[in-house]
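Student: I would like to go through a structure with you. Could we begin with the overall picture and then turn to details?

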Amino acid sequence: MKYSTVVLAFFVTSAAPCNGFSSTSSTRPAMIGSSFTPKMSTVNVKAGSSMSMLVQTSGGMMELDELLEADKGITKKVREKPGLWKIARAATVPASLVLGFGLVPSPKIAIHAAGAIVTGIGGVIGRNKITDIGGDVAKPSIAQCLIENGISEPLATAAKLEALREDLAVHPDDFQSMCAEIYRKYLVGMVRFDHKPQSAELTELQNLKDALSLDNLAVGEAHMLAAQDWYRSMFQFITEEDLDDEDSKERMALNKFLYLTERALKQNDETEEAFLYEMTRTAKVFNMTYHEALDRVEEVVEPFYERALKSSRQKLGTNQVSTTMLERARRTLGVDDRVGFDMHESALNDEVRSLLGYSEDGELDPKTAKYPEGALERLDQLRELLSLKKEDVEYEITSEGMPLFRATASDAMKDAVGGVISAEEAWDIMEKRRSELLIPESRSDELVSSVVFNSLGEPMDELQKYAEVNNEAAVYSSMMDALEAKNTVVQLLERAGYSGDFYDDFCNPVRRESVTKEMDSKERYNVYDMFVKRSIKNSEDGKLSEEQDALIKDVKGILAIDDVQVETHAVKEFGPKLNEVMERAMNEILDDYAPELVETLSTEINQVIDDYKINEKMIAQNGRSLYSKALNYVSANAPAGVPTKEQNEALKALQELYTLDSNEVVPFHLTAFGPVYKKSVEEAMSITGVIRPEFRKSLEDLRERLGVSESQTREIFMEAVKQRMIPMVEWIVSEMEKTVFSQQQLSERRQKDIGEDYFQSGKKADGTLGIGAEVNVLGDIMNLIDFYLENGIAEKTQIDTELVDDKEVPVYETLYPITALETGAVDQQMAEVLYRQFVVGSFTTAGPNAERYENSRATWGGILGLSSEKMEEIGSNIADTVYDNYVGQNMRTKGALDQQDMMFLANLQKKLGLSEQQGESFLMQSQKKVLSEELDAIFMNSPKAENIRLFREKCESMGLNLEQDIGVEKGRVTRMFELEIAPGLESG
């Protein structure tokens, strides 16, 4: 059925609203049980009454009040009679009769309202329409129920809301969504009507959640949506400057919203992941990160807890505050443990300052301020309340008392330095002040240390001013004042129990506090230089007394001049005087050495050291250059450059005079006499390069006379050996290149046209490798090996031990300090070729040299510079080469192998560690290769029947089949047959 459009008008009825008040007036009481700071506001009651009154309410309730004020029409009538609405939706009677509506027809319907009521036709409202109206009225009805019943008893209010839901026939899920929207508006009102957070608002928000029966998910969603609502309505009128201003209402309101959100989520026992999610998306509404939002929360939390701590200090000594109460407050407010600890320390500091008598604007008389009686006990009570340590109290007392102590101590120190009072009297004054300020006695040295910089600061400032204009006399005078102040300060420090390093603690420019912090290294050195020079000028004989030397050492400490700078200054200032005496001593000793002369000269040098308080190490510093000069003199004037016995005695005396160690002068001797020794080594080498045993003793005697160490002469010897060895290696390489490469290959390798080349035998280079090349470099190689071994170049080093016949014997490793590869006389490729050739020769050579070659293989590889792995690799692949060389050479010269050759090969097989089958295989391969080359040579020119016959018979005599053993192709075998029988067929 379709119904005509109707206009519903309210009739005043006698039905009672939810809280029992008449519909003509509503007082909307303030929230019960809330300690939220009341906000006085005027609420106009418009339900037919002109009455108005002042009530105390929260911002959330005021927001709901505005929601109800905006509610008009039938929904307002329905929420005033929810019980009757339940009856109306259950029956098909005219709703106008039940609810007291008069139906005013549209102008198009020509019936009277009374007639409509009589007939009931015009006033009937369908159930679907009733349901829609019930849903529309639910949200303001929820708000009205919260206002009427409050949220101080959330469970009771929740029960009434559930009854309301049933009366309005709203689905539970829809009803919870409406409750969440009411929570959302309530939250916006809490921030909109009061930008200052209140501690009771946390309970208020929790009670609201429980009254509305909302779960955590709904609360999180409500906070995010409330943030959007508030952002859209408020932030379009707020500038960035407002949000940056910590005192602006807008920033405070934003911080409050974030704080309420953080607390609401935490109090709901959200998981860390859920909290992170909800807090992040709420912060994102305000263009903030998660961490930025938490920083804003701290801006709200800390003032809350700060007020609680201030109140706790006021209630100290009563039973109204306890550690447990503070812990509960921190947990409720969400105060982080670290932040809480810092705030406790701050509260302790505030109490210390309060007891000292600081005014609100931080003013205090530093010389008279002191703690009242019982202050220490009160601070200890506060310490226990705040769960702090005794060290924390001591720290706060000391840090606050230090400036006050310094004010008194500075005056006392100044009087002591000026001679007005003694150091002991100054100490008594400072100790009394320390006691008044409750500073522990254990901090006395720290207190005195704090005034050291003030005491030395004035003379050091004066000194620096004079140093800038190079006023040497004024610098000296100011430094003497500083030294006098320093002595007084040290007395007070010792009285206070100080046992540290004064110069490092107070004068080290690296430290943050230092008496020389305003002076750089150059300025400090300049002051030191001026003080030393003025000290010498002030002395009677131009020499430093013991007292002056002590003052200079004090100045060195104050100015942080290190030992190197002192030595540098001494060398510059007094070095010429010392050097003059030492050089004269050198000349006299070299000209006419005598022990008595050395003793006299030593006394003169020590006198200079004593007169100018020079560090004795300067004797050795100057002596090194003078001793080197003496060696050059001896080298130039000694016979053949070798010092005589008398000259060596003079040099030994100079070493002792100059306090030089014998090992220290060895490098100087090497520079002066090294060329002489090298020349003697070269002369001692014979044509073969080997130094004969009789010459070795002479070289050792020469070494001792020259004063050169054994290790250094070994280096000189090695250098001479290297120079002799290089051409020997180059000769062997040259001969091997001619053996290995053809003329064209050799030209390409050497990158030049070498022309027609011949060996010593007169044979041209043909590129044939091995013994068959008719060039054997084994003799030259053995000469090089003899040169290396007989000169003792190789060095044996023990690397391990092993058991031999139940006896432990050492295991040695041979080192080759000079190698062909290292000298550059051979490259890697040719070094491998040379080693391979030598190994092949050691296997194929017969006679007395065979064993010698075989025993020298490892030595030759070491001289070349090959690794043991590389030598092993080459040796393992050499069997085929050995067989090819031996078999090829003998078959080419003799045509075939005889019985003696076969015996040699059998012996060779054992040397190479081959089995009988392997030996036969290598022999067959070598023969096949030679015969294949021979057959190719026959067919290269016009093959003759006689040559083919001889070749065939040769193969048959060796038991070899042309096709199967030698690998001759079947076509060629046929051709050979035809060529061999052709002359017989032709002759008939």
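Student: What percentage of the residues of the protein chain count as buried?

Tutor: This is a predicted model. Of the chain's 988 residues, 44% count as buried.

Student: How many helices and strands does the secondary structure come to?

Tutor: There are 44 helices and 6 strands in the protein chain.

Student: And what of the accessible surface, how much belongs to carbon and sulfur atoms?

Tutor: Carbon and sulfur atoms account for 49% of an accessible surface of about 52000 Å².

Student: Let us turn to aromatic residues. How many aromatic pairs are there?

Tutor: The count is 16 aromatic pairs. In one of them, the ring centres of Trp-230 and Phe-286 lie 6.2 Å apart with the planes at 75°, so this pair is edge-to-face.

Student: Where in the chain are Trp-230 and Phe-286?

Tutor: Trp-230 belongs to helix 10 (residues 216-234), while Phe-286 sits in the loop between helix 13 (272-285) and helix 14 (290-314). The two are 56 residues apart, and the pair links distant parts of the chain.

Student: Are Trp-230 and Phe-286 buried or exposed?

Tutor: Both Trp-230 and Phe-286 are buried.

Student: Why is the pair of Tyr-886 and Phe-904 classed as stacked?

Tutor: The planes of Tyr-886 and Phe-904 are at 20° and the ring centres are 4.4 Å apart, so the pair counts as stacked; the cut-off for stacking is under 30 degrees. Tyr-886 is in helix 40 (residues 879-894) and Phe-904 is in helix 41, so the pair ties together parts 18 residues apart in sequence.

Student: What are the relative accessibilities there?

Tutor: Tyr-886 has a relative accessible area of 11% and is buried. Phe-904, at 15%, also counts as buried.

Student: You mentioned helix 41. At what angle do the axes of helix 36 and helix 41 cross?

Tutor: The axes of helix 36 (residues 828-844) and helix 41 (residues 899-911) cross at roughly 125° and come within 10 Å. The two helices are therefore oblique to each other.

Student: Which residues make that contact?

Tutor: Helix 36 contributes Ser-842, Phe-843 and Thr-844, and helix 41 contributes Phe-904, Leu-908 and Lys-911. By class, this contact has 3 nonpolar, 2 polar and 1 charged residues.

Student: A change of topic: where is Ile-429, and what does it touch?

Tutor: Ile-429 is in helix 19 (residues 423-436). Leaving aside residues up to four places away in sequence, Ile-429 touches Thr-408, Ala-412 and Ile-421. At 38% relative accessibility, Ile-429 counts as partly exposed.

Definitions and conventions. Residues numbered from 1 in each chain as written. Predicted model: local features only at pLDDT ≥ 70, side-chain atom pairs only at ≥ 80, totals over all residues. Heavy atoms only, no water. Axes fitted to C-alpha atoms, helices over the stretch in contact; angles between N-to-C directions. Helix = DSSP H or I, 4+ residues; strand = E, 2+ residues; numbered from the N terminus. Parallel < 35°, antiparallel > 145°, perpendicular 65-115°, else oblique. Contact = heavy atoms within 4.5 Å. Nonpolar A, V, L, I, M, F, W, Y, C, P; charged D, E, K, R; others polar. Buried < 20%, exposed > 50% of the residue type's maximum accessible area, 1.4 Å probe, protein only. Areas by Shrake-Rupley, 256 points an atom, 1.4 Å probe, with all protein chains shown as cover. Phe/Tyr/Trp six-rings, centres within 6.5 Å; stacked < 30°, edge-to-face > 60°.
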